[in-house]
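Please read the points below against the coordinates.

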Amino acid sequence: HELERYIRVIQQEVRNGHREPIMHAEEFKTLVQELELTDICDEEGIKTATLFLNDVGTLLHYDDKGHNLHELYFIDPGWLCGMMSRIITVKERNPFVKEGILDYKAIPQLFNDDTFPRHF
């Protein structure tokens with residue numbers, strides 16, 4: 001599918017440091033609309049395409065309105081896994097977890113490099 005091919009191009013841009021690994025919902029919808037795909041012509045089509053891309057592992061999207069995750073599209077699933085591994089890992093890599101609890105004040109220290117977009 002054309003959208004999946006385009007997302008793969010964007011993923012390469014993310015890995016090369018030319019794009020951020022997360023898109024807001026409006027940015028993703030605009031991207032899809034600009035591609036002018038004949039099979040994705042409305043909100044329902046975007047939702048269906050997103051579910052497909054999520055199911056096949058091309059991107060990650062969570063329909064979680066309680067934590068506003070529905071507003072985010074993780075363009076590179078590998079990037080998100082890497083970020084999660086900084087939190088859920090051995091104490092040699094993350095000494096901030098004590099008895100299974102991470103103090104939220106330590107989060108900036110875990111993500112203090114250029115791999116995590118500051119405005120998220």
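1. Phe74 has a relative accessibility of 7% and therefore counts as buried (buried is under 20% relative accessible area, exposed over 50%, partly exposed in between, with a 1.4 Å probe and protein chains only). The model is predicted, so local features need pLDDT of at least 70 and side-chain atom pairs pLDDT 80 or more, while totals for chains, interfaces and linings use all residues. Residues are numbered from 1 along each chain as its sequence is written, and side-chain values use heavy atoms, without hydrogens and water.

2. How many aromatic pairs are found in the whole structure? The search returns 2 (ring centres of Phe, Tyr or Trp, the latter by its six-membered ring, within 6.5 Å; planes under 30 degrees apart are stacked, over 60 edge-to-face, the rest tilted). In one, the rings of Phe28 and Tyr73 have centres 4.1 Å apart and planes at 15°, so the pair is stacked. Phe28 is in helix α2 and Tyr73 in strand β3 (residues 72-74), 45 residues apart (helices, H or I, of at least four residues and strands, E, of at least two are DSSP runs, numbered from the N terminus). Both Phe28 and Tyr73 are buried.

3. The rings of Tyr62 and Phe74 have centres 6.3 Å apart and planes at 65°, so this pair is edge-to-face. Tyr62 sits in the loop between β2 (60-61) and β3, and Phe74 in strand β3, so parts 12 residues apart in sequence are tied together. Tyr62 is partly exposed, at 35% relative accessibility.

4. The largest pocket is lined by 16 residues, with Lys47, His61, Asp63, His70 and Tyr73 nearest its centre. Helix α3 (43-55) and helix α2 (25-35) each give two or more lining residues, and α3 gives the most, with 8. A pocket here is an open set of points on a 1 Å grid over the protein atoms alone, where a 1.4 Å probe fits, with protein on both sides within 12 Å along at least five of seven lines; lining residues have an atom within 4 Å of a point.

5. Glu4, in helix α1 (residues 2-15), is buried, with a relative accessible area of 18%. Beyond four places in sequence, Glu4 is in contact with Phe52, Leu53, Val56 and Thr58 (heavy atoms within 4.5 Å).
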